[in-house]
Amino acid sequence: PISMSKKDAVVYRPFILARVSDKSFTETVSDVQDLLKQAGFEVVGTYAPRTTQMIFCVTNDEIKRIASRTPHGAYGAVQRVAVAETHESVHVTFTNPRYMACAYRMEGEMEAIFELFSKTLGFEKDFGSKKGKKPEKLRKYQYTMGMPNFTEPSTLATFPSHTEAVDAVEKGLASTLGGVSKIYRVDIPDTEECVFGVKMAGAKLANDLNIMNYVDGGDISFCAHLPYEIVVTGGRVHALSAKFRIAISFPDLKMVGPKPSFAGIMDCPDQIKKALTAVCRTPQTNFHSQKK
């Protein structure tokens, strides 16, 4: 299934509604977990931001192989599958691998991965953007002029080696520094790069739920936006700016106006960066902050 615009150009949207389940939330979560396992996906972590939401963070050898072939491909190395109960309906959704491949400037468009997800979980429709985005526009995406693009992640810290950087992030997450904790870690094969999926439960807008309260208000939950990522490349620890990472999941959100909009979370990019930077400030490490 491919979305078409009026000019018959291919457009992608950030999320896929796989199906509306006829079972309870708990039964659907169990079913989805079994289906993912049967299809050969590795569930590297799970996250339940609410009692009515379960997010499976998944990858496989092919996704990791694709991630290894482009700069900072780790950001696209883990796809997300969500079960969410909204308005008495239980929806199964997943991040659109084709959208993510383009947004994160990966090799190809992960078409085979998209087909595997659709075959495994189902496909009803894509959603998350009214008009959708053309692949070539996604590969250059920025929310608006002057906003960061994919090639401009925020450097959180640098360390003398990859091992020291990874160890520092592991320790910081284990100590819940900045209110941030670990959901998963995936090492990208044949590279000095790994990605951590993190739960943010800090104060104000360094908090997943507080942000989602502003931006997630539709009939189908966008909770597969979560979790946020920290990537370690060599000795450098970095994260996508919220001005890119949130916007790529919610490309139609207005800058101002009633919620859902970005108006209520204007301070979140700085607060998220501060919280993620705090993760790296573990004792007895060589910490060098870099401004960006």
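**Checking the labels**

Modeller: Let's start with a pairing: A82 stands opposite T93 in β7. Keep in mind that this is a predicted model, where local features need pLDDT of at least 70 and side-chain atom pairs count only at pLDDT 80 or more, while totals for chains, interfaces and linings use all residues. Residues are numbered from 1 along each chain as its sequence is written, and side-chain values use heavy atoms, with hydrogens and water left out.

Colleague: What makes β6 and β7 a pair?

Modeller: Two strands pair if DSSP finds at least two bridges between them. Strand β6 (residues 79-86) and β7 have 6 bridges, in the antiparallel sense, so they pass.

Colleague: How do you know that β7 is largely enclosed?

Modeller: Buried means under 20% relative accessible area, with exposed over 50% and partly exposed in between (1.4 Å probe, protein chains only). In β7 (residues 89-95), 6 of the 7 residues are buried, so the rest of the structure largely encloses this strand.

Colleague: Why is C194 called buried?

Modeller: Because the relative accessible area of C194 is 0%, and the cut-off is under 20%. C280 is buried too, with a value of 0%.

Definitions and conventions: Helices (H or I, at least four residues) and strands (E, at least two) are DSSP runs, numbered from the N terminus.
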